[in-house]
Amino acid sequence: IIKDPQEEEVASIYIVESIDDRMVFTMHIRSPEINRGSFTLQASLQYPEAGTVAQERVVFNTLPDGAI
């Protein structure tokens, strides 16, 4: 899940029953009006029989338009 500076969910992904131990994926922020600022990425690993076994949280900032 990615949340914007106001803690609103702006992107999400669910990966079900993957057999790969490494993955790469791209998440897109849903609206161009909210693509600036400090965002939070939260990921969790869950199993039906064990529940949540791992969680990570990372805060990142996006660059304003034309900053690159």
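Predicted model: local features only at pLDDT ≥ 70, side-chain atom pairs only at ≥ 80, totals over all residues.
The protein has four strands and zero helices; helices (H or I, at least four residues) and strands (E, at least two) are DSSP runs, numbered from the N terminus. Along the sequence, the pattern reads β-β-β-β. Confidence is expressed as pLDDT, the predictor's confidence in each residue, from 0 to 100. The mean pLDDT of the protein is 85, and 87% of its residues reach 70 or more. Confidence is highest in strand β1 (residues 2-3), at 93, and lowest in β3, at a mean of 90.

The four strands come together in an open sheet, in the order β2-β1-β3-β4, with antiparallel pairing. Because β2 and β4 stand at the edges with a single partner strand each, one side of each has no neighbour in the sheet. Two strands are taken to pair if DSSP finds at least two bridges between them. Between β3 and β4, the antiparallel pairing runs over eleven bridges, and G51 in β4 is the bridge partner of Y47. Between β1 and β3, the antiparallel pairing has two bridges. Residue L41 can be followed across the sheet: L41 in β3 is the bridge partner of I2, and V58 in β4 is the bridge partner of L41.

Strand β4 also holds T62. The C-alpha atoms of T62 and G37 are separated by 5.6 Å, although these residues are 25 apart along the chain. T62 is partly exposed, with a relative accessible area of 23%; buried means under 20% relative accessible area, exposed over 50%, and partly exposed in between (1.4 Å probe, protein chains only). Of the 68 residues of the protein, 10% count as buried.

A search of the whole structure finds one aromatic pair. This pair is formed by F39 and F60 and is stacked, at 5.8 Å centre to centre and 20° between the planes. F39 belongs to strand β3 and F60 to strand β4 (residues 51-62), so the pair ties together parts that are 21 residues apart in sequence. Rings of Phe, Tyr and Trp (its six-membered ring) pair if their centres lie within 6.5 Å; planes under 30 degrees apart count as stacked, over 60 as edge-to-face and the rest as tilted. F39 counts as buried, at 0% relative accessibility, whereas F60 is partly exposed, with a relative accessible area of 28%.

On the surface, I13, I15, M23 and F25 form a nonpolar patch with about 360 Å² of accessible area together. Accessible areas come from the Shrake-Rupley method with a 1.4 Å probe, and for residues only the protein chains shown count as cover. One member of the patch, M23, lies in the loop between β2 (9-11) and β3 (37-47). M23 is partly exposed, with a relative accessible area of 43%.

Methods
Residues numbered from 1 in each chain as written. Heavy atoms only, no water. Patch = residues over 30% accessible without salt bridge, like charges linked within 9 Å, V, L, I, M, F, W, Y side chains within 5 Å. Salt bridge = Lys/Arg side-chain N within 4 Å of Asp/Glu carboxyl O.
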